[in-house]
Amino acid sequence: MPEGHKTHFIAREHSEKFAGQKLKVTSPQGRFTTDARKVNGKVLERVEAVGKHLFYVFESGHMINVHLGRYGKYRELPSPPPAPVGQVRMRIRGDGQTVDLTGPTTCRVIDCDGRSQIESKLGPDPLASSGTNAAKKKQVWASFSKSNKPIGALLLDQSIVAGVGNIFRAEVLFETELNPEIAGNQLSKESFDALWSSLTKMMKVGLKYGKIVSVTAKEAGMPVAKIEGKDRFRVYGKQRCPRCNAKIETIEVAARKLYVCPSCQRLND
Ligand SMILES: [Zn+2]
């Protein structure tokens, strides 16, 4: 599932491609046709991301809200675009550029109120341009420190911090040597500070390169941009701990599989 770095990456890319243009918006598959008509032929102002949500903001005040979910994908098409292949929910066509969207969880047209409703249910997004890092950190710490839920669950809760998915969760907990089962209210402020700084740093790297990379260039022995596949991670999907060589364990926290080094990430914080 695309995590927050990816939605911000797409927002930036699609802003560059389409902002200021009158767009042709259609739904070849048909499921988005009624809403597509509301924005078809209108000028796109910008594309923004908040957590895992995308907002295509039009001059008319309408917005397309997309949540990719687990299967949503964009495809860039050559110009002129070929006939749609498969279940294309939305096709956006600008000046010489076209993208198709398939398999999103959400793709609909909303207004400002609709967007406010969505955002009111989201915690701070480390990558969002609105709000200072200090204010976001303070708000997330307030949620963590009053919860008895495990930090492995709190990290995935979009109402507490927006944009974190399963890979960021595993990688930041490993980097900070924290056990996912530690309750939020048992976490020291010092450990939270380390967790927050690891998370913001990793998400920024993810946005810069358009992919999650938790290993450093030094660890990988190559530039970050060139690191691909599972080599990008330290613990996610791994068999052995890169620090101590212990066997990586998989446990389930908040109904998602989590990779943990039992030796580096002990429960007594
Ligand atoms: Zn280890």
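Which residues in α6 meet which residues in α7?

The structure is a predicted model, in which local features need pLDDT of at least 70, side-chain atom pairs count only at pLDDT 80 or more, and totals for chains, interfaces and linings use all residues. Residues are numbered from 1 along each chain as its sequence is written, and side-chain values use heavy atoms, with hydrogens and water left out.

**Stop 1: the two domains**

Select 4-120 as domain 1 and 133-260 as domain 2; these bounds come from an automatic or database domain assignment. The C-alpha centres of domain 1 and domain 2 are 29 Å apart. Nine residues from domain 1 and 15 residues from domain 2 form the contact, where contact means heavy atoms within 4.5 Å. Between domain 1 and domain 2 about 820 Å² is buried, and carbon and sulfur atoms give 62% of that area. Buried area is the accessible area (1.4 Å probe) that two parts lose on being put together, summed over both. Next, display H5, F9 and K52: they supply 57% of the area that domain 1 buries against domain 2, more than any other three residues.

**Stop 2: α1 against α7**

Select helix α1 (residues 4-18) and helix α7 (residues 189-209). Helices (H or I, at least four residues) and strands (E, at least two) are DSSP runs, numbered from the N terminus. The axes of α1 and α7 are 8 Å apart, and the packing angle is about 40°. Axes are lines fitted to C-alpha atoms, for helices over the stretch in contact, and angles run from 0 to 180 degrees between N-to-C directions. The crossing of α1 and α7 is right-handed; a crossing has this hand if the near helix is turned clockwise from the far one by less than a right angle, and is left-handed if anticlockwise. From α1, G4, H5, H8, F9 and R12 take part, and from α7, M203, G206, L207, K208 and Y209. This contact of α1 with α7 has four nonpolar, four polar and two charged residues. Ala, Val, Leu, Ile, Met, Phe, Trp, Tyr, Cys and Pro count as nonpolar, Asp, Glu, Lys and Arg as charged, and the others, Gly among them, as polar.

**Stop 3: α6 against α7**

The axes of α6 and α7 come within 9 Å, crossing at roughly 130°, which makes α6 oblique to α7. Angles under 35 degrees count as roughly parallel, over 145 as roughly antiparallel, 65 to 115 as roughly perpendicular and the rest as oblique. The crossing of α6 and α7 is right-handed. To settle the opening question, show F168, E171, V172, L173 and E175 in α6, which meet L195, S198, L199, K201, M202 and M203 in α7. By class, seven of these residues are nonpolar, one is polar and three are charged.

**Stop 4: two backbone details**

Phi of E177 is near 55°, a positive value in a residue other than glycine. Finally, go to P80, in the loop between β5 (73-77) and β6 (88-93). The peptide bond from S79 to P80 is cis, with omega near -5°.
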